[in-house]
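Reader: I have a model open and would like to know what stands behind the words used to describe it. Could you take me through them?

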Amino acid sequence: MKSVFKFILNTIPRPILIRLSIVVRPILAFLLKGSRFTDPIDGKSFRMFLPYGYGNQRNNVLSPSTLSLERHRLLWLYLQNETDFFQSELDSDYPVTQNKRIKLRKDAETSSALKVLHFAPEQEFYKRFKKQTNIEYTTTDLLSPLADVKADICNLPFEDNIYDIIFCNHVLEHIPDDSKAMQELFRVLKPGGMGIFQIPQDLSRANTFSDDTIVDQKERAKIFGQYDHVRVYGRDYFDKLRSIGFKVIEEDYTHKIAPELVEKYCLAKGEIIPICFK
């Protein structure tokens, strides 16, 4: 099964994969029903999760029902347990309250809806976020069929200081000029707004590694983890965000979750969520 999934990921373009997955997902969810692992996004349980990886395949990481990976489930739990993102009434003017729950700012000038910008929207979030009445949800990407606005992250067609929340996860590692992309994210985020910018990160590296001379797709997958990645981020990623102007919380959230749930939800222990404020 691992070799089949690896072949599919490396040969079929991502926009086509997104469309195909809509058909395949319910079949996989039915065939793999069980009780060993649970997807916290939809609450469904399975005897196994699917393997995933463009280079090295990881076992039990892809949920059959939502097609979420470790990072998606971790982000969902963080938003659900540590923020008011899913609540309809958001009335604090401050990002962090005394009990450390993040209160997300509402736009008092127009409505109570939070303006949310989501880059390369993940399927497991897309329909759920679309249904939320407390947010005004916009998706953007150059190629994704789920994008409302086709846009280059380095040259966004949005006004300054317009979004309360920005999700830009596993995007920056694809962008040659990631500094310019970060500057654009900072520009369109409102003062006091929150951004979550997850990336594949090697925490054993102090410094980010990139090499523009590596052009072979197999070599790129081997070195960078995926054929269309241009770098491997190290621990300096957070300081780069800070140099742009963001206030960054390095959230090691799996350490706040019971070990048995980390295993049951198939999370990547020690993964850091970059929580960014303007």
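Author: Happy to; here are the terms, each set against its definition.

Author: The model is predicted, so local features need pLDDT of at least 70, side-chain atom pairs count only at pLDDT 80 or more, and totals for chains, interfaces and linings use all residues. Residues are numbered from 1 along each chain as its sequence is written, and side-chain values use heavy atoms, with hydrogens and water left out.

Reader: Thanks! Why is Phe30 called exposed?

Author: Phe30 has a relative accessibility of 58%. Exposed means over 50% relative accessible area, buried means under 20%, and partly exposed is in between (1.4 Å probe, protein chains only). Phe30 therefore counts as exposed. This residue lies in helix α2; helices (H or I, at least four residues) and strands (E, at least two) are DSSP runs, numbered from the N terminus.

Reader: What makes Ile27, Phe30 and Leu31 a nonpolar surface patch?

Author: A patch takes residues with over 30% relative accessible area and no salt bridge; nonpolar side chains (Val, Leu, Ile, Met, Phe, Trp, Tyr) are joined within 5 Å, and like charges within 9 Å. Ile27, Phe30 and Leu31 together make such a nonpolar patch, of about 340 Å². The area comes from the Shrake-Rupley method with a 1.4 Å probe, and for residues only the protein chains shown count as cover.

Reader: On to charges. Why is the contact of Glu70 and Arg58 called a salt bridge?

Author: A salt bridge is a side-chain nitrogen of Lys or Arg within 4 Å of a carboxyl oxygen of Asp or Glu. The side chains of Glu70 and Arg58 meet at 2.9 Å, N to O, and count as a salt bridge. The pair links distant parts of the chain, 12 residues apart: Glu70 is in helix α3 (residues 70–82) and Arg58 in strand β4 (residues 58–62). Side chains of opposite charge can pair when their charged atoms come close.

Reader: How many salt bridges does the structure hold?

Author: There are 11 salt bridges in the structure. One more pair is Glu250 with Arg242, again at 2.9 Å, N to O. Glu250 is partly exposed, with a relative accessible area of 40%, and Arg242 is partly exposed at 30%. Asp160, Glu184 and Arg187 are linked in a network of salt bridges.

Reader: What makes the phi of Asn161 worth a remark?

Author: Most residues other than glycine have a negative phi. Asn161 has a phi near 55°, a positive value in a residue other than glycine. This residue sits in the loop between β7 (149–150) and β8 and is partly exposed, at 37% relative accessible area. His170 likewise has a positive phi of about 55° although it is not a glycine. His170 is in the loop between β8 and α5 (178–188), and it counts as buried because its relative accessibility is 17%.

Reader: Last one: what lines the second largest pocket?

Author: A pocket is an open set of points on a 1 Å grid over the protein atoms alone, where a 1.4 Å probe fits, with protein on both sides within 12 Å along at least five of seven lines; lining residues have an atom within 4 Å of a point. About 280 Å³ of space lies in the second largest pocket. Of its 13 lining residues, the closest to the centre are Arg25, Ser65, Gln123, Lys127 and Arg128. The elements giving two or more residues to this lining are α2 (14–31) and α4 (123–131), and α4 has the largest share, five residues.

Notes
Grid points are joined across faces, edges and corners, and a volume is the space filled by probe spheres set on the points.
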